Amino acid sequence: MANLGYILKESVMSASKTMTDKEFRDLVTGLFNYSAYGEIPQFDSALANAIFEMEKPAIDYNLKKWQERSTLYDRNNNDW
């Protein structure tokens with residue numbers, strides 16, 4: 001099961017200020033789709049690619065932690 005979510009951080013908002021609306025929308029969609037479905041985004045913008053590469057390790061870390069907690073919950077059938 002995927003972790004269906006992504007929290008947009010202030011650092012992403014700050015770094016993306018010079019993007020067009022379409023570039024920003026593509027970035028946010030790409031970050032969400034990577035977090036939720038594991039889909040590696042393809043961006044036209046070098047800035048979007050850079051932001052994604054900066055965010056990817058945090059998304060991967062959070063997904064791993066979420067999966068560990070989910071597995072622990074399933075194993076113990078308890079509240080987290």
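Rings of Phe, Tyr and Trp (its six-membered ring) were taken to pair if their centres lie within 6.5 Å, with planes over 60 degrees apart counted as edge-to-face. By this rule, 3 aromatic pairs were found in the structure, which is a predicted model. Phe-32 and Tyr-37 form an edge-to-face pair, at 6.2 Å centre to centre and with 80° between the planes. Phe-32 is partly exposed, at 31% relative accessibility.

The rings of Tyr-34 and Phe-52 are also edge-to-face, because their planes stand at 90°, with the centres 5.2 Å apart. This pair links distant parts of the chain, as Tyr-34 belongs to helix α2 (residues 21–37) and Phe-52 to helix α3 (residues 46–76), 18 residues apart. Tyr-34 is buried, with a relative accessible area of 10%, and Phe-52 is buried at 3% relative accessibility. Together with Phe-43, Tyr-34 and Phe-52 form one aromatic cluster.

The structure also holds 3 salt bridges. In one of them, the side chains of Glu-55 and Lys-9 meet at 3.3 Å, N to O. Glu-55 lies in helix α3 and Lys-9 in the segment before α1 (10–15), so the bridge ties together parts that are 46 residues apart in sequence. Glu-55 is buried at 5% relative accessibility, whereas Lys-9 is partly exposed at 33%.

Asp-26 and Lys-22 form a salt bridge of 2.6 Å, N to O; both residues lie in helix α2, 4 residues apart, about one turn of the helix. Asp-60 forms a salt bridge with Lys-56, with the closest N and O atoms 3.2 Å apart. These two residues, Asp-60 and Lys-56, are 4 residues apart in helix α3 and are separated by about one helical turn. Asp-60 is partly exposed at 31% relative accessibility, and Lys-56 is partly exposed with a relative accessible area of 24%.

Terms used. Residues are numbered from 1 along each chain as its sequence is written. This is a predicted model: local features need pLDDT of at least 70, side-chain atom pairs count only at pLDDT 80 or more; totals for chains, interfaces and linings use all residues. Side-chain values use heavy atoms; hydrogens and water are left out. Rings of Phe, Tyr and Trp (its six-membered ring) pair if their centres lie within 6.5 Å; planes under 30 degrees apart count as stacked, over 60 as edge-to-face and the rest as tilted. Buried means under 20% relative accessible area, exposed over 50%, partly exposed in between (1.4 Å probe, protein chains only). A salt bridge is a side-chain nitrogen of Lys or Arg within 4 Å of a carboxyl oxygen of Asp or Glu.
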